[in-house]
Amino acid sequence: MPDLKYATIILLLPLLLFIGSRAAAQSSFTLLEGRFSNTCSSCNQVFSEMPYEVLFGIRMDGNNITFTMNNIAWFHKIINSPDMGITVDIVSRSRYNCNTPLKSGSTHGFVLKPIYRNELIRKADTVGGLIIIPIGKIPAHLSNQVIEGNLVIVNGKNICQYHPAFDIERGPLELLPMGFYTDTLQQAEFTGNSDTAASIIYTTKKNITLPFRKATATLESAELSQLRDSIASGNYSVRHIEVRAYSSVEGPEETNRLLMQKRAKAVQEAINGISPGKPSATIIPAENWIEFNRDVIPKMPQWKTLSKTAIKRQLQNKELLAQLEPLLAAHRKAVITIWLDKNTRLSDMANDALIPAFNKSVKERSNTDSRRILKEIAVRVADNRLPDTYIDQLEIPATIDYLDLLSDRAMYSYNIGLLFEDEILKEMYALRQLKPADPFLSYNICILEILGLKFHAAVPININQLLANIKQLAARGIHPSLVNRMLINYNIVLAELLMEQGKYEQKDVAVEYVSNAFSKLTPNDKERYSLARFFTEYGRMDLATAMIKPRVNQLDAAENIIFYFINLCFFDHESFDSEDFQNAVLNAANINRARFCQFFQPPDSGGSSFQLLEYDEIRKFNCDNCPQ
């Protein structure tokens with residue numbers, strides 16, 4: 001991994017790594033290579049000392065190109081003499097057509113005439129600690145092309161720093177799942193990536209792998225028994241399933257895809273026959289290139305550089321295919337993830353019977369039955385089988401005898417998006433007055449206060465008192481693993497708050513705490529992904545890569561961590577030849593080809609950068625998997 005002090009974040013766009021590149025096109029302004037000369041030694045030294053928190057970059061808005069930096073002092077450290085200047089190398093997507101050889105050189109496209117220190121200072125505008133400088137305009141002959149701009153720092157005509165902008169996935173940092181205590185420790189997830197996706201309330205997950213025979217979509221009795229035993233044990237209901245149906249790689253891809261969809265359908269129907277109701281499902285059909293690469297390529301090393309199409313042609317040899325069949329047979333399978341929740345045994349009760357049954361159980365003080373019915377109502381609201389307002393119709397006496405029920409209703413309402421942090425905290429604070437020392441109530445309040453800090457709730461939260469309350473939970477009977485997870489989340493939020501306040505050294509302490517505390521976890525893929533994004537946000541891409549690398553080559557790896565690992569590797573071109581990277585690319589292209597190909601679009605179109613195609617290894621993957 002390169003020195004990450006050379007990484008920065010464009011203020012309005014992506015996370016970048018500034019790396020030397022290999023190719024060029026004829027430029028309007030000719031620059032000389034100076035990055036490794038004494039001419040640029042002092043400039044390079046400044047960049048090596050620059051804190052991660054100093055952000056800068058360029059923005060192309062319409063035809064205007066602007067340089068922006070969030071630290072005026074560091075701008076003057078970089079542009080520290082009359083010969084120091086800034087320009088932009090404007091690169092066209094047409095450079096990277098699959099059938100066009102790349103030309104070599106130090107720049108990649110059309111280079112604007114540099115602007116030097118005196119003119120930069122004259123043009124500069126300072127707003128709220130930012131320095132903003134117009135650099136130039138996009139030339140007319142490039143105005144209708146798909147383009148990206150690379151920031152270039154020069155000394156005279158010598159290139160000292162050349163910064164292609166590689167984007168990395170960004171967005172609000174997620175906390176580790178902590179779960180809320182209701183009748184059990186509940187988790188909640190969304191089935192999709194949008195805000196409108198339905199939520200899943202669940203207790204646990206299970207992973208199952210079932211084999212398929214060649215050219216069939218039928219589950220054998222032994223596999224059906226395994227599936228039945230996995231679901232039936234522990235009295236669970238299925239809330240959601242994900243089926244990754246894999247075929248071996250020989251044969252036409254479209255034929256394989258149809259077979260995989262049939263296999264996934266067979267699994268879904270089998271689960272529907274075992275569990276009451278019809279749980280929502282996510283189906284992912286894919287050819288199993290991961291295990292092919294692992295099992296077959298070492299025996300056929302001459303295939304390593306071949307495209308998928310070329311390998312499929314080789315596998316048309318019937319004699320060779322028969323020799324490889326023992327390996328290929330193990331590649332045909334379904335990898336299944338099942339979200340399970342404790343069965344309320346109320347799945348057959350009609351919607352209009354739930355409130356009368358709930359009212360009756362409350363009147364009879366049957367707390368167990370009341371909580372069970374309330375949970376069933378919450379599940380149906382989450383599944384969109386009942387309207388959001390249904391849960392508000394439940395009448396519960398506001399007394400200590402009904403504390404658990406009152407808390408459950410509040411937590412379910414929050415989990416399915418009916419209450420915001422301010423509202424739920426006010427309700428929980430009122431309930432705490434009824435029983436101040438209740439451990440499960442205290443646990444839920446601590447989680448909600450962490451979320452309140454993260455989302456800037458209006459309710460005042462004392463951050464030091466919150467930390468003290470979290471540390472008291474273990475003594476109140478909360479399992480230490482849950483307390484450790486909560487402390488990690490506390491420090492994730494604390495790092496964000498300290499960053500906003502400019503307290504960078506204290507922020508680094510919080511980041512280090514998260515890194516050290518991680519060793520006490522057994523994280524799932526969603527947690528690895530959350531922590532990796534957290535470490536990347538604060539410049540620790542080494543920790544981010546180490547977090548997700550062990551999982552990316554597994555068939556059941558979550559889509560997000562596979563793509564995030566690839567995105568991280570884009571900042572370390574030496575990793576492109578690694579088996580981990582190549583397998584991750586195969587996995588990504590199988591699971592979601594459109595998302596994989598999106599990497600090679602400009603950052604402002606949701607991509608990472610089409611300039612990744614400067615690298616032969618990446619270009620091969622793009623030309624092999626993506627429509628041109």
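In the predicted model, a disulfide connects Cys40 with Cys160, with an S to S distance of 2.0 Å. The torsion about the S-S bond is -75 degrees, and the link of Cys40 and Cys160 is left-handed. Distant parts of the chain are brought together by this pair, the two cysteines being 120 residues apart. Cys40 lies in the loop between strand S3 (32-33) and helix H1 (41-49), whereas Cys160 belongs to strand S12 (residues 158-163). Over the whole structure, three disulfides were found.

Helix packing was examined for H19 (residues 559-569) and H20 (residues 579-591), which pack at an angle of about 135 degrees with their axes 9 Å apart. The crossing of H19 past H20 is left-handed. On the H19 side, the contact comprises Glu559, Ile562, Phe563, Phe565, Ile566 and Cys569. These residues meet Asp580, Phe581, Ala584, Val585, Asn587, Ala588 and Ile591 of H20. Sorted by class, the contact of H19 with H20 contains 10 nonpolar residues, one polar residue and two charged residues.

Confidence in the prediction was considered for the protein and for individual stretches. The mean pLDDT of the protein is 86, and 92% of its residues reach 70 or more.

Terms used: Residues are numbered from 1 along each chain as its sequence is written. This is a predicted model: local features need pLDDT of at least 70, side-chain atom pairs count only at pLDDT 80 or more; totals for chains, interfaces and linings use all residues. Side-chain values use heavy atoms; hydrogens and water are left out. Axes are lines fitted to C-alpha atoms, for helices over the stretch in contact, and angles run from 0 to 180 degrees between N-to-C directions. Helices (H or I, at least four residues) and strands (E, at least two) are DSSP runs, numbered from the N terminus. A crossing is left-handed if the near helix is turned anticlockwise from the far one by less than a right angle, and right-handed if clockwise. Contact means heavy atoms within 4.5 Å. Ala, Val, Leu, Ile, Met, Phe, Trp, Tyr, Cys and Pro count as nonpolar, Asp, Glu, Lys and Arg as charged, and the others, Gly among them, as polar. pLDDT is the predictor's confidence in each residue, from 0 to 100. A disulfide is a pair of cysteine sulfur atoms within 2.5 Å.
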